[in-house]
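Good morning, and thank you for coming.

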Amino acid sequence: MTATTRTRVAIIGAGPAGLLLSHLLGQAGIESIVIDQRTREEIEHTIRAGILEHGTAEVLAATGASDRVKTVGHRHDGIELRFAGEGHRIDFAALTGRGVWLYPQHEVLIDLIAVRLAAGQDLRFGVTAVAVEGADTDRPVVHATTADGEPLVIEADFVVGADGSRSVARTAVTGSTTGGYFREYPFAWFGILCEAPPSAPELIYSNSPNGFALISQRSATVQRMYFQCDPEIDPESLSEREIWDDLRSRVDGHELLEGPIFQRDVLRFRSFVAHELRRGRVALVGDAAHTVPPTGAKGMNLAVADVLLLDRALRALLLDGDERPLDRYAETALRRIWKAQHFSWWMTSMLHVAPDASDFDRLRQLGELRSVVESEAGRRYLAEAYTGWPFETEL
Ligand code: PHB
């Protein structure tokens, strides 16, 4: 027996994009169902990146999506760019009047899940979307399988694919799971969590002849750090000593405070934008629509920007029968997406050392870094992009 359920908006994926969209729609009185193949445990404990743009933190706090972001999170007013053995601070507050918040994604998810459940929201874990059909009709359908292996059909007025980089919904929009513009990189990040005091008050993005490193934080006692590695490396193949030596050789003289490493992972990354973001009554948001390398800290922020637009478009469609904002969703979202793609690619290529880099490439890269830090315009460009461009107010 196939169970069939109806809702106004079926959202595939309980990540930041899907949960925030459901929360915002709920505030407009629009009912939704959110499904995710993962368990609540898994969603709340998977370690992801941790930087929220100024505007993202404002939206989460102002809409009641997260009241911990500004109490548990830490405001950062700058970052350090490090190269040739010296650190150069980019002072976000002085350059833009804005900062960013260090507040890890899984904390945002804990907040959003709690808020959705407290509102009596239909949020189903362990439910796997199999296919989306009927994009060109006004009754699109999600075919799914429940945690018990039972088939489930969700009929909706609109379906949203917020189901990450391996999106199932993408096929209904672009005609294939992969259809998009993309670029791969010949390196990955080796990430660690360790028990140690912070090695720096703000994030350090370091370019060194041995490759890139990022010194980030989590709390007074837990730190997050990354260094450039071969995408094929087995995360268990390095000893703790080797990891610390690799990190040290990439921060070029900055003192690192060591401590026991309790988690390690390898993050492969690529740049991707789906060829289409919407077809009829199905739209893509967040990583289902695009992925960026983590160097610009844009992933979750871009998802939030998509969601703000789609929320407005769906309110117009479902409350007023006005399709025009929805017709402008993709074009408007893509303007920010491509700016963020450029910024993420730029930060990545400026800071990493490609395996086949020549002496010319290396020296040119140092010239590029110097032209950024020695120019107020250069520093301001970086600060504006990193803290986040203003959200679109028109759709
Ligand atoms: C992190 O703290 O996990 C982090 C911070 C900044 C990035 C990427 C990851 O650009």
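**Strand pairing and the ligand shell**

Let me begin with an open sheet of three antiparallel strands, in the order β4-β8-β5. At its edges are β4 (51-52) and β5 (74-76), each of which pairs on one side only. Strands here are DSSP runs of E with at least two residues, numbered from the N terminus, and two strands pair if DSSP finds at least two bridges between them.

The model is predicted, so local features need pLDDT of at least 70 and side-chain atom pairs count only at pLDDT 80 or more, whereas totals for chains, interfaces and linings use all residues. Residues are numbered from 1 along each chain as its sequence is written, and side-chain values use heavy atoms, with hydrogens and water left out.

I turn now to β12 (residues 151-155), which pairs in parallel with β1 (residues 3-6) over four bridges. In this pairing, T4 faces V153 of β12. Strand β12 is also joined to β11 (residues 141-145), here antiparallel and through five bridges; V141 stands opposite E155. β11 and β12 make a hairpin with five residues between them, and G149 in the turn has a positive phi of about 85°.

Finally, the ligand. Which residues come nearest to the ligand? Of the 14 residues around it, they are Y205, S216, R218, Y226 and P294; a residue counts as near if one of its heavy atoms lies within 4 Å. This shell comprises nine nonpolar, three polar and two charged residues. In that grouping, Ala, Val, Leu, Ile, Met, Phe, Trp, Tyr, Cys and Pro are nonpolar, Asp, Glu, Lys and Arg are charged, and the others, Gly among them, are polar. Strands β17 (211-217) and β18 (222-229) each contribute at least two residues to the shell.

An N or O atom in the side chain of Y205 lies 2.7 Å from a ligand oxygen, and for S216 the corresponding distance is 2.6 Å. For Y226, a polar side-chain atom is 2.5 Å from an oxygen atom of the ligand. The protein covers 100% of the 280 Å² of accessible area that the ligand has on its own, as computed by the Shrake-Rupley method with a 1.4 Å probe.

Terms used: Polar contact = N/O pair within 3.5 Å; in protein donor to acceptor, adjacent residues only side chain to side chain.
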